[in-house]
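Please go through the fold, dimensions and surface of the structure shown below in question-and-answer form.

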Amino acid sequence: MNWRSALTAYDAHLAEDGRIVRKGKTLGVVITERKNRLRFESVAGSLLASGPVEPRTVERFVESFWFWTKENA
């Protein structure tokens, strides 16, 4: 599983502009991959979190930032 598909467990996906979309609502966080790191940034450009390029990084971010739980768990 790659990091992009990790969002599907939370009923979310990435929009074309890199923003996270969950249940039809586009959120103000952009995920970018830069220098072998994932960067979670606000749409204003502030760095919220970063980590290695792996699914667990995405899972940790959404579970700690929004307290999401996996939908299909």
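**Fold, dimensions and surface**

Among contacts in the protein between residues at least 6 apart in sequence, 33% join residues at least 24 apart. The model is predicted.

Q: In what order do the elements of the protein run from the N terminus on?
A: The protein holds 1 helix and 5 strands. Read from the N terminus, the order is β-β-β-β-β-α.

Q: Which radius of gyration would a compact globule with 73 residues have, and what does the protein have?
A: The C-alpha atoms fill a box of roughly 30 × 25 × 20 Å along the principal axes. For 73 residues, a compact globule would have a radius of gyration near 11 Å, so the protein agrees with it at 11 Å.

Q: In which sense do strand E4 and strand E5 pair, and over how many bridges?
A: Strand E4 covers residues 37-42 and strand E5 covers residues 47-52. Phenylalanine 40 stands opposite alanine 49 in E5. The pairing of E4 and E5 is antiparallel, over 5 bridges.

Q: Which residue in the turn of the E4 and E5 hairpin has a positive phi?
A: The hairpin has 4 residues between E4 and E5. In this turn, a positive phi of about 105° belongs to glycine 45.

Q: How far apart do the centres of the positive and negative side chains lie?
A: The protein has 12 positive and 9 negative side chains. The centres of these two sets are separated by 5 Å.

Conventions. Residues numbered from 1 in each chain as written. Predicted model: local features only at pLDDT ≥ 70, side-chain atom pairs only at ≥ 80, totals over all residues. Heavy atoms only, no water. Helix = DSSP H or I, 4+ residues; strand = E, 2+ residues; numbered from the N terminus. Rg over C-alpha atoms; globule rule 2.2 N^0.38 Å. Contact = heavy atoms within 4.5 Å. Lys, Arg positive; Asp, Glu negative; His and termini not counted. Charge placed at Lys NZ, Arg CZ, Asp CG, Glu CD. Pairing = 2+ DSSP bridges.
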